[in-house]
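This briefing covers a few residues and the aromatic contacts of one protein structure. Please read it with the structure open.

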Amino acid sequence: MWGRKEEPEISEVLDQRRPSNVEAMAQQHRKNVSNKGLTGASALTVRQSIFPIILVTTLFFLWGFAYGLLDVLNAKFQTSLNITAAKAGGLQGAYFGAYLVGPPTYSGWLVRRFGYRWTFIAGLCIYGVGALMFWPSAVYRSFGGFCGSLFIVGSGLSTLETSANPFIATCGPPRLSEFRLELSQSFQAIGSVMAPLLASRVFFTSADPNDLSKVQWTYLGIAAFVFCLAVVFFFSPIPEVTDADMALQAEQCSNLTGYQAKPLHKQYKLFFGVAAQFCYVGAQVGVASQFIKYAVESANISEAAASDRYAIGQGLFALGRFAAAGAMMFVKPRWILMLFMTMIMIFIAAAMGVYGNAGIAMLSLVLFFESAIFPTIFTLSIRGLGRHTKRGSSWIVASVCGGALFPALTGLVADNNSYHIAMCVPLVGFLVAFAFPIFLNTYYAKELDGFRETKIGYADADGTIGDVAHDERRQSALNEKDVYLAEVEV
């Protein structure tokens with residue numbers, strides 16, 4: 001069900017004719033591709049993958065921008081519709097709840113059945129429809145309508161993530177997988193920073209607090225942009241990386257990684273990664289949703305001043321992503337994940353006990369070290385999945401639904417105690433996520449390091465390593481050598 005039959009058997013992969021990476025780039029405009037077929041994209045070079053990655057990175061900015069508007073809409077609706085903070089939290093529930101529905105079902109099926117290009121286009125169209133639905137919701141001042149609109153927006157964005165995250169991770173040399181996704185997701189962080197700033201100064205500037213017309217026009221503009229972007233993706237050159245390509249790549253790396261093809265139910269690293277991602281995202285959103293109230297309580301400052309502190313924290317988050325991406329060129333990603341999770345545990349615990357500006361600084365540092373966690377958990381979890389890469393990726397994206405649970409629990413504790421004590425809820429989520437890098441460094445170090453050491457996608461004297469043309473040239477050279485030695489012996 002939902003595309004399971006679209007995954008190839010390893011025997012099917014090895015018995016196929018292997019296309020070259022040149023053929024993979026030449027067939028970028030085909031309507032769809034069989035997930036069981038090889039395309040040659042398992043050995044794409046850095047140069048071949050640059051343009052597709054830049055194009056898909058715009059989707060991460062779009063996702064970050066949509067997420068950044070959530071908190072602003074939350075406050076806007078509390079004032080305009082005269083609703084409680086708890087009810088306004090339904091916006092986050094609708095947005096993140098969509099992640100529980102889409103990736104394990106239709107989104108995951110789309111990416112396996114039709115490939116990345118059409119999943120990108122479908123996600124953008126769903127997002128555009130959700131943005132258009134804000135217009136009638138604002139006209140009728142319907143909070144339920146806004147929740148429904150955000151659910152559709154979340155469905156579109158979850159579909160985009162189901163395709164964008166694995167595409168960035170697999171499009172190009174495998175040793176740079178973590179670096180590529182970390183760098184692309186850095187632009188998601190920029191979108192999250194820009195959205196509230198533009199919302200407060202440009203989009204929602206009406207003097208009348210009950211006026212929702214700016215919300216209507218803002219999302220109409222977003223819808224127009226999204227539909228135009230779908231057209232761009234239709235005509236753009238995007239290579240297709242299939243599960244068959246990933247299975248072949250995993251087999252080619254097996255001498256370094258010890259890879260062995262396993263059924264999905266034995267992919268224990270993936271299951272732990274899903275649980276870790278669920279708890280981490282929930283904890284991250286829990287911290288973000290209560291940061292302003294925490295700052296007001298901690299330093300006795302106004303909400304406006306607390307919002308400025310939160311903007312600084314978001315800036316640190318974006319900076320942390322770029323810093324982590326740079327570090328991954330020199331340091332093993334599993335070590336970076338371990339370091340950043342350790343720092344999160346230290347500073348979230350400190351934030352619970354420290355008051356004043358020092359407490360705000362502790363929580364801001366939590367945001368900085370949160371930066372690398374999501375993309376690193378994602379890429380390390382799908383390492384070595386081979387023919388299960390797309391399905392495993394959809395499960396990890398589905399775990400983002402943790403963001404629908406933890407903020408409500410954090411708010412519940414805050415209502416009955418204090419915002420400092422409420423940080424114990426994210427602390428528990430971070431603790432579960434913290435166990436994941438310990439697990440990786442203990443049991444999967446050789447496999448993860450092997451993928452980092454492989455030279456697939458890099459060039460040597462015979463061409464691009466891992467490409468069929470490279471193997472044919474090398475085999476031809478060996479045959480010529482054997483013939484020469486035979487002649488010498490005669």
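**Aromatic pairs and selected residues**

Phe 439 and Tyr 443 are four residues apart in helix H22 (residues 424–443), a separation of about one helical turn. The model is predicted.

**Phe 340 and Phe 368**

- Phe 340 belongs to helix H16 (residues 333–353) and Phe 368 to helix H17 (residues 357–370), so the pair ties together parts that are 28 residues apart in sequence.
- Phe 340 is buried, at a relative accessible area of 9%.
- Phe 368 also counts as buried, with 17% relative accessibility.

- The ring centres of Phe 439 and Tyr 443 are 5.6 Å apart and the planes are at 45 degrees, so the pair is tilted.
- Phe 439 has 18% relative accessibility and counts as buried, because the limit for buried is under 20%.
- Tyr 443 is exposed, with a relative accessible area of 62%.
- One aromatic cluster is formed by Phe 272, Phe 436, Phe 439, Tyr 443 and Tyr 444.

**Charges over rings**

- Arg 113 places its charged end over the ring of Phe 114, at 5.1 Å from the ring centre.
- Over the face of Tyr 458 lies Arg 175, 5.5 Å from the centre of the ring.

**Ser 394**

- Ser 394 is part of helix H19 (residues 389–398).
- Its relative accessible area is 1%, so Ser 394 is buried.
- The side chain of Ser 394 reaches the backbone oxygen of Arg 391 at a distance of 2.6 Å.
- Apart from neighbours within four places in sequence, Ser 394 is in contact with Pro 103, Gly 108, Arg 112 and Thr 162.

**Ala 404**

- Ala 404 is in the loop that lies between H19 and helix H20 (406–416).
- With 31% relative accessibility, Ala 404 counts as partly exposed.
- Residues touched by Ala 404, not counting those up to four places away in sequence, are Gln 92, Gly 93, Phe 96 and Gly 97.
- Val 285 is 119 residues from Ala 404 in sequence, and the two are 8.4 Å apart in space, C-alpha to C-alpha.

How values were computed:
Residues are numbered from 1 along each chain as its sequence is written. This is a predicted model: local features need pLDDT of at least 70, side-chain atom pairs count only at pLDDT 80 or more; totals for chains, interfaces and linings use all residues. Side-chain values use heavy atoms; hydrogens and water are left out. Helices (H or I, at least four residues) and strands (E, at least two) are DSSP runs, numbered from the N terminus. Buried means under 20% relative accessible area, exposed over 50%, partly exposed in between (1.4 Å probe, protein chains only). A polar contact is a pair of N or O atoms within 3.5 Å; within protein, one must be able to donate a hydrogen and the other to accept it, and residues adjacent in sequence count only if both atoms are side-chain atoms. Contact means heavy atoms within 4.5 Å. Rings of Phe, Tyr and Trp (its six-membered ring) pair if their centres lie within 6.5 Å; planes under 30 degrees apart count as stacked, over 60 as edge-to-face and the rest as tilted. A charge sits over a ring if NZ of Lys or CZ of Arg is within 6 Å of the ring centre and within 35 degrees of the ring normal.
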